[in-house]
Amino acid sequence: MKLRVTHQTVYRYDHPIRNIVQSLRLTPSVFEGQKTLEWNIEVTGGIRGPGFRDGAGDWIEGWTVRGPMEEVAVSITGRVETRDTAGVLRGHREMINPLAYLRDSDATKADKGLRALAASVSDHADNLDLAHKLSAAVSEAIAYEPGVTESQTTAAEALKLGKGVCQDHTHALMAVARLRDLPARYVSGYLHATVDGEPHEAAHAWAEIHVENIGWIGFDAANRCCPDERYVRLGSGLDASDAAPIRGIAAGQGDERLDVAVRVEDIDKLQSQSQSQTQS
Amino acid sequence: MEYYDEMYSGGQVREPYARLSEWVDTMPADFRQMKQAEAEALFRRIGITFAVYGEGGDPDRLIPFDMMPRVFEQAEWRRLERGIKQRARALNAFLRDVYGRAEIVRAGRIPARLVYQNEAYEKAVVGVVPPRGVYSHIIGIDLVRTGKDEFFVLEDNCRTPSGVSYMLENREIMMRMFPQLFRQNRIEPVDQYPELLRRTLESVAPPKCSDRPTCVVLTPGHFNSAYYEHSFLANLMGVELVEGQDLFVDGEFVYMRTTQGPKRVDVIYRRIDDPYLDPLCFRPDSMLGIPGLMDVYRSGGVSICSAPGAGVADDKAIYTFVPEMVRFYLGEEPILNNVHTWTLWKQDDYKYVMEHLPELVVKEVHGSGGYGMLVGPKSTKEEIDAFRKKIEANPSNYIAQPTLALSTTPTFVEEGIAPRHVDLRPYCLCGDRIELVPGGLTRVALREGSLVVNSSQGGGVKDTWVLSE
């Protein structure tokens, strides 16, 4: 599948700010499931700082913007060719030992509810089976419902609510996987999806679980599947904050307003649509 | 228990202490009191005080200074020096390794989980090789002595060991108060430490630095208990003392705000813990750090001393493997011994420790400063039982060691001089070379019979002499 990504994040400040420093994890991963055809990152008035590939295999880019300014936009335009690897992150170069992903952060800390959920899945000789069952258990326990949780909601809280969005599903799945001694991490990326023909919210997150002899495998508990050719992977971390595509801090006073627009489109379909439009 | 007395051997004064013995014997009591008061006034004027977290009381409390020096002869020190440098090399080799190919883990010489699940292991710096491959640039190695030639390493401090300002001030004050002692004894100097520290920092400047490196000392601020030391070292090195807000990232580098405009910074001697260094990489709520610092560091634009992630080498659980590191990386036998350590997450060890609590010292794995520890032989039955419950609740949080017969040195007390237990913290500098000033900081347990030398637990400090040939 050839996907076209347009992603714009606009920060607006009610008082001009002095400067912004950002760390961007906004470049598609390199592995067998995806190939980047074109990728541009632009930050209005920004100075491109250091860029490097970290131990997890993510491309990180630092940006600074000198103020004063009242508005900063981070804009991504790119094209990625994807293919289905049944969720397996094959051919991804990274150096971090998977055991480093057995550590919890505040967002994934276990409580009674998560322990019970982890224990509700019976033992499996095969860790791959176990991972699938854990993912299914999380899908059952947390219904997809936007607007009830927020960015600070923890896995334990989301499970108690029984509702949440992809971030909550991911944190909960990571928590139960770690409880079963499976290394797990948070992946941020994009998803090409349509609901009733209309493009769906395209910024997405899912979990990866490490299974011995196979490697890292993606599990999208929110959509009850493993990532396929509709997914674009950006980077990973110990939780949503650690894996955030944009981490930034503005120096100044006043409130920040944030507008995000993401579109992930199927290029072939776009072309056939435009062809059919010309024909008609 | 028998204790090794560093000054007396069966009523005889040991050779290194010969002249000091005369000095003490001929000192009138009122003169001693006068001098002690003078020393205290000097310390207060200089401003060295030590705030103890969580104890309340006077935040400007002085660490008690004992005027009676502790003495090593040249040969004793040379052996210690070799052992310390060896250990420092092994610790840095270990850090380079576990953030790289992790050969020691692959070889099965250290359990993988101990390394990777350690809180101090920073996955953010995996694959980063700091200049000259050095992660820990100032290593404080805590040593105790139990006999003439018997020294043990109690713990390693690879992050930002404090106390070196006391080493320097103790000497300064002794020289000011008792110049004749320094004429009678040939004592190796320590005042070159700030110069060596600066040279060490400059020697690990990042690849992108072409000029003479600009170094700074980064402090969390004056509320920190070691703030005095931060400003003292910056001052003696002739570099700026900065807080996070004085530095900023612009493009590929870190800059310091100065009255003449921004100045690029090449080497940061930080006295801030990893989680607070950069809110864009670690704790998002940190106000102490510099946003974007870690991106600049990881791309070779600035050096951070000690390097983020260095703490994984000085964890008390990792400690038990340091002799193994010496063998694995250097192919040498360790010159300095570890104290035998029982790790309570192992079943056999747990059983043994729980049956022998009254004999042992039990410490928290991640604890420091003498907090949260049990000294079995010095504790009441109630204290031991209370501690036993804490261990039962979370065994993997503890290690245990035999109660060591820490050596004593004579210390001034009300009635004259009396033996008190001591330890030693030398400060090893690692850059293009490995350097060590002779001696270090001697801490003394001032309470009679006490084996805990931490300043938070009633410890004091002494000047430490290494005699020249």
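**Figure 1. Contact of helix 8 with helix 9 in chain B of the predicted model.** Pro194(B), Leu197(B) and Arg198(B) of helix 8 meet Leu233(B), Leu236(B) and Met237(B) of helix 9; two residues are in contact if their C-beta atoms, placed from the backbone, lie within 7 Å. Five residues of this contact are nonpolar, none is polar and one is charged (Ala, Val, Leu, Ile, Met, Phe, Trp, Tyr, Cys and Pro count as nonpolar, Asp, Glu, Lys and Arg as charged, and the others, Gly among them, as polar). Axes are lines fitted to C-alpha atoms, for helices over the stretch in contact, and angles run from 0 to 180 degrees between N-to-C directions. Helices (H or I, at least four residues) and strands (E, at least two) are DSSP runs, numbered from the N terminus. In this predicted model, local features need pLDDT of at least 70 and side-chain atom pairs count only at pLDDT 80 or more, while totals for chains, interfaces and linings use all residues. Residues are numbered from 1 along each chain as its sequence is written, and chains are lettered from A and ligands numbered from 1 in the order in which they are written.

**Figure 2. Helix 4 of chain A with helix 2 of chain A.** The axes of helix 2 (residues 127–141) and helix 4 (residues 166–179) of chain A come within 9 Å, with a crossing angle of roughly 135 degrees. The two helices of chain A are therefore oblique to each other. Helix 2 of chain A passes helix 4 of chain A in a right-handed crossing (a crossing is left-handed if the near helix is turned anticlockwise from the far one by less than a right angle, and right-handed if clockwise). From helix 2, Ala131(A), Leu134(A), Ser135(A) and Val138(A) meet His169(A), Ala172(A), Leu173(A), Val176(A) and Ala177(A) of helix 4. This contact has seven nonpolar, two polar and no charged residues.

**Figure 3. Helix 4 of chain A with helix 1 of chain A.** Helix 1 (residues 112–119) and helix 4 of chain A have axes that come within 9 Å and cross at roughly 65 degrees. That angle makes helix 1 of chain A roughly perpendicular to helix 4 of chain A. The crossing of helix 1 past helix 4 in chain A is right-handed. Leu114(A), Arg115(A), Leu117(A) and Ala118(A) of helix 1 meet Ala172(A), Ala175(A), Val176(A) and Leu179(A) of helix 4. Seven of the residues in this contact are nonpolar, none is polar and one is charged.

**Figure 4. Domain 1 and domain 3 of chain B.** Chain B is divided into domain 1 (8–190 + 313–334 + 407–466), domain 2 (207–301) and domain 3 (341–402), with bounds from an automatic or database domain assignment. The centres of domain 1 and domain 3 of chain B, taken over C-alpha atoms, are separated by 24 Å. Eleven residues of domain 1 are in contact with eleven residues of domain 3 of chain B. On the domain 1 side, four of these residues are nonpolar, four polar and three charged.

**Figure 5. Contact between chain B and chain A.** Chain B contributes 25 residues and chain A 23 residues. On the chain B side, the elements that give two or more residues are helix 5 (112–116), strand 8 (247–250) and helix 10 (293–298). The chain B side divides into 13 nonpolar, six polar and six charged residues. The predictor gives the complex an ipTM of 0.94 and a pTM of 0.94.

**Figure 6. Backbone at Pro68(A), Ser306(B) and Asn213(A).** Most residues other than glycine have a negative phi, and most peptide bonds are trans. The bond from Gly67(A) to Pro68(A) is cis, with omega near 0 degrees, and Pro68(A) lies in strand 4 (residues 59–82) of chain A. The bond from Cys305(B) to Ser306(B) is also cis, with omega near -10 degrees; Ser306(B) is in the loop between strand 12 (303–305) and helix 11 (316–319) of chain B. Asn213(A), not a glycine, has a positive phi of about 75 degrees.

Conventions. Parallel < 35°, antiparallel > 145°, perpendicular 65-115°, else oblique.
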